[in-house]
Amino acid sequence: MSEKEFLPTTVCNMQLNVPPRQRPIVRSVCGPDYMPRSTESVQSAISMEPQNVTVKFCIAPDKLIAQVYPNCMTMAEVKQDVARRFEVDPMLLLIKQEGSLICNTVPIYATISDEFGIHKFDLELAQKPKVDECDPSPKLSLRVYYEKYRLPDYLTVHISGEDTEDGQPKNIVVEIENSAIEKPFLCGYQDKKTGKQYLDAFTQTGPYFDKWKYKRYRTRDTQTWEHKEKILNTAHEQSVQCYLDKINIRYESTATDFEIIPGKYQTYAQIERAEHKLEKILLIQRNWRRWILWKYIHLRAAEYRRLVKNRLDEDERYEKCVEQRVERNEKIKQFPRTNDDFDLLFAEISRWKRAELKRIAANYEGPARISEVNILLDKEISLLNGVERQRRLVHLAMEDFRNDQLLKKMGKPIEWIGYNDTKIHMDLLRTQRVRFLTEIYKDLRKTDDKEKRLELLGRVMQLVAEESCFPNFAELFDLFDRERNLLLYTRSCDVEILRKRQNILFFELIKFQKNGIPDKVPSRMCIVCKKVKPYAEFAIRTRQSHVDTCKHCYYLKLVATENNVYQSILRCIQRDERKRKCASSFAFVIQQDDVRHLIDKIWHGHSALSKSENLNELRLPRWNKSDDWSPWNCICLTERETRDHYKIEDLEKVYDPKFILHVANSHMLARNLFHTLAAVATEFQETGLWWKVGMNKQRSSKLDAE
């Protein structure tokens with residue numbers, strides 16, 4: 001091999017040809033200067049020309065690595081490069097030779113080399129103090145070294161003078177050729193957490209042999225090639241004559257000859273594979289269809305299990321709701337608070353009375369029956385008196401609470417939304433006065449001792465003296481004066497009735513406004529009690545055409561029913577309409593009484609399908625689920641039937657024609673009954689004013705201005 005043609009003038013490690021920012025950084029000199037053994041070695045070292053040398057590092061007895069460095073590099077630079085390869089801190093590396101530590105300022109040529117010019121060192125890692133127990137300790141891992149940094153492309157080989165032609169030792173740079181190939185990925189999977197690949201198959205096929213690649217290469221294989229001779233057949237066919245004897249000649253006819261053209265060579269395994277190709281294709285197709293069927297069965301089975309689980313969850317949720325409803329009803333019966341709660345008790349009494357009358361009619365006749373009816377009447381009267389007594393107590397207990405809520409509302413500052421949706425609060429003198437008097441009102445209702453009460457009465461009388469414009473001023477002042485005289489001049493007295501009247505008049509004083517001008521409230525006379533009352537005291541229903549009966553008289557006309565049941569049905573209707581984004585539905589206009597009328601009068605108090613009369617299970621879903629809910633687009637069903645009804649796409653394919661006709665007749669009755677509601681809805685929808693119902697006036701005015 002010619003050195004002039006192939007060897008570079010300056011040989012360096014290819015790994016050091018990195019950008020400037022990745023080159024080793026030489027740290028400041030640490031430790032004393034290196035003392036050479038003799039002055040001759042110093043002079044020879046100074047006069048030595050820079051050249052590349054091979055450096056070996058011994059990490060363990062069976063772990064060695066080699067690198068090529070210029071002989072002028074110092075140990076600090078070598079540590080920088082080695083630390084970069086092992087991904088450790090260079091301050092932790094220790095380089096030793098023959099058991100002694102080498103300083104960072106010592107160059108490579110100043111160290112000991114063997115007969116082949118190779119410098120051998122022991123590479124160790126200093127102990128790093130642990131700051132955190134979770135911080136892993138650094139180590140010299142060959143896996144990190146070989147995974148991220150490839151071997152050098154050139155190695156320096158020293159040839160002694162005995163093996164050279166001119167008898168002079170030489171250093172020859174040998175290029176390392178990387179003939180590794182990337183094996184194709186056949187099949188496998190990869191762990192998402194660790195990133196490790198698991199291969200199901202691999203190939204041993206070597207790289208493609210490229211003849212042109214080695215045309216200009218001078219390697220040992222080409223220099224030691226041995227030429228061999230090989231006997232081949234003739235290039236052309238030649239005809240010959242075969243003599244049977246010296247006279248007769250054998251003739252071979254060409255009529256039965258045939259020509260064989262050689263094709264591509266095939267092994268026996270390839271021929272067998274080609275013959276069984278169709279069988280393999282059928283086997284693959286059969287297994288593919290089997291896998292598709294297996295997948296389809298598993299998907300359908302999973303879907304079936306999901307549907308069964310959902311059905312069981314729905315049943316469990318329904319049973320839980322029923323239990324909660326029963327518990328809530330029992331709690332209401334034990335501790336009634338509202339009018340609906342007491343109506344539930346009255347309905348229970350009425351149901352109990354009907355059952356007892358039915359039992360008496362079946363078991364008794366004549367005088368015995370009359371006596372049993374009288375006993376039943378006495379029991380009913382006692383039950384009704386007890387419920388009414390409890391109702392009176394609850395009403396009195398809730399009166400103070402309602403008064404406190406009214407005073408709190410009156411003393412609240414005025415709020416409105418201003419510019420850029422900013423909430424503005426305005427506290428008027430009127431609201432401040434209400435809050436001040438409310439605190440005094442709370443003190444008056446307390447039962448304090450005699451001295452504190454007299455002091456409070458003195459302050460209140462001074463305050464009331466300023467409210468002379470109050471119509472009942474004289475009576476209120478006289479009541480406070482009388483209580484003070486009683487507390488001063490008597491030892492024991494009962495002033496509870498006196499204080500109740502004081503609280504009533506003082507409450508009226510808080511509500512009184514000095515400059516308030518009473519507004520003319522629209523009023524009307526009730527046709528039952530013949531009293532003139534404002535419109536707020538009248539019962540308004542969607543079925544009526546004019547206002548005629550007040551709430552009190554209308555309540556007396558009604559039979560005691562379970563209003564909570566109808567209220568829950570109305571909430572279910574409104575909840576379903578909100579989910580369907582139907583804000584213009586009639587479900588938000590009708591009231592609790594209308595739902596009761598629909599169930600009792602139109603659907604006769606039972607389900608249209610199963611004839612179930614349990615009010616707790618009845619619902620009013622849509623009949624045609626594509627249209628908005630309305631009294632003429634609903635049907636009375638139980639909760640389970642409602643879920644099944646909403647799954648039907650075509651009603652005519654599922655329901656009987658007679659049943660569909662029955663539902664249509666009920667819808668006609670509901671449309672005639674709620675004709676006023678239908679007319680109002682038509683007006684709002686045709687004029688486009690429906691979307692403005694319940695909106696903020698300020699925002700609606702802004703929209704109109706735009």
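Is cysteine 58 buried, exposed or partly exposed, and at what relative accessibility? I looked it up: cysteine 58 comes out at 24% relative accessibility, so I put it down as partly exposed. My cut-offs are under 20% relative accessible area for buried, over 50% for exposed and partly exposed in between, with a 1.4 Å probe and protein chains only.

Ground rules, before I go on. This is a predicted model, where local features need pLDDT of at least 70 and side-chain atom pairs count only at pLDDT 80 or more, while totals for chains, interfaces and linings use all residues. Residues are numbered from 1 along each chain as its sequence is written, and side-chain values use heavy atoms, with hydrogens and water left out.

**Cysteines.** I searched for disulfides (a pair of cysteine sulfur atoms within 2.5 Å) and got 0. For cysteine 321, the closest cysteine sulfur belongs to cysteine 572, and at 9.3 Å that is too far for a bond. Cysteine 321 is partly exposed, because its relative accessibility is 35%.

**Sheet.** Next I traced the strands (E runs of at least two residues by DSSP; helices are H or I runs of at least four; both are numbered from the N terminus). Two strands pair if DSSP finds at least two bridges between them. I get an open, mixed sheet of 5 strands, ordered β2-β1-β5-β3-β4. The edges are β2 (63–70) and β4 (100–101), each with a single partner strand, so one side of each has no neighbour in the sheet. I also checked β3 (residues 93–97) against β5 (residues 119–125): they run antiparallel, joined by 4 bridges. Lysine 96 faces aspartate 122 of β5.

**Rings.** I counted 11 aromatic pairs in the whole structure. Rings of Phe, Tyr and Trp (its six-membered ring) pair if their centres lie within 6.5 Å; planes under 30 degrees apart are stacked, over 60 edge-to-face and the rest tilted. Phenylalanine 86 and tyrosine 145 are stacked, at 5.1 Å centre to centre and 25° between planes. Phenylalanine 86 sits in helix α3 (residues 75–86) and tyrosine 145 in helix α4 (residues 142–148), so this pair ties together parts 59 residues apart in sequence. Both phenylalanine 86 and tyrosine 145 are buried. I logged tyrosine 655 with phenylalanine 659 as tilted, because their planes meet at 40°, with centres 5.2 Å apart. Tyr441, Phe506 and Phe507 make up one aromatic cluster.

Last entry: the charged end of arginine 580 sits over the ring of tyrosine 646, 4.7 Å from its centre. The test is NZ of Lys or CZ of Arg within 6 Å of the ring centre and within 35 degrees of the ring normal.
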